[in-house]
Amino acid sequence: MPDILFDLSKEYWENRYINMDIGWDTGAVTPPIKTYIDGLSDKNIRMLIPGCGNGYEAEYAFRKGFTNVHVLDIAITPLLNFKKRVADFPESQLLHKDFFTLTGSYDLIIEQTFFCALDPKLRKSYAQKMYELLAPEGVLAGLLFDDPLNTDRPPFGGSKEEYLMYFEPLFKVCIFESCYNSIPQRAGRELFIKLKKK
């Protein structure tokens, strides 16, 4: 794994949740992810939401009958927040660990403000880890920022051209286009992706 530039440790993210420095938190599932989940028919798929934060996407999917949803975060506070809201969510599907140490096999991984929270030097490693975690024909779907954003702190942005360099060697690109149903504050600044493992 490459040398990282920024201290984005477990402690860093824990402190941001404790201090409520969570500007990315929308308080609800975002429309693009909601629309995508609404279009899924197999309620038994093994789903992962890494860097889940307070887990609104996971809560929505779980309430819609997807019982095999797994949420992962490096910080414990958002997982505890999630568990308070969704008391019947299985403990074994709450994963408090570093994404890059995770093992397992998933049919679908949802991307929602996780990629942009990682040190940009980890982007190639992110794509490789997603590939490893997905089952054959598995799908990585969700949102990426189509915006330069910050260079000194998360969220770190980028462009479609940059992102495709990481994904095209490993995935068949099904959808990689400007998002039509972003929340207002992100309108024109998001790409919706659906990538299938090669």
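The model is predicted, so local features need pLDDT of at least 70 and side-chain atom pairs count only at pLDDT 80 or more, while totals for chains, interfaces and linings use all residues. Numbering starts from 1 along each chain as its sequence is written, and side-chain values use heavy atoms, with hydrogens and water left out.

**Strand E9**

- E9 covers residues 190–197; helices (H or I, at least four residues) and strands (E, at least two) are DSSP runs, numbered from the N terminus.
- Of its 8 residues, 6 are buried, so E9 is largely enclosed by the rest of the structure (buried means under 20% relative accessible area with a 1.4 Å probe, protein chains only).
- Strand E5 (residues 134–145) runs antiparallel to E9, joined by 7 bridges; pairing takes at least two DSSP bridges between two strands.
- Ala-141 has Lys-194 of E9 as its bridge partner.
- E8 (residues 171–178) also pairs with E9 in the antiparallel sense, over 7 bridges, and Val-173 is bridged to Leu-195 of E9.

**Largest pocket**

- The volume is about 720 Å³, meaning the space filled by probe spheres set on grid points joined across faces, edges and corners.
- A pocket is an open set of points on a 1 Å grid over the protein atoms alone, where a 1.4 Å probe fits, with protein on both sides within 12 Å along at least five of seven lines; lining residues have an atom within 4 Å of a point.
- There are 38 lining residues, with Trp-13, Thr-113, Phe-114, Ala-117 and Leu-118 nearest the centre.
- Helix H1 (10–18) gives the largest share of the lining, 3 residues.

Conventions. Buried < 20%, exposed > 50% of the residue type's maximum accessible area, 1.4 Å probe, protein only.
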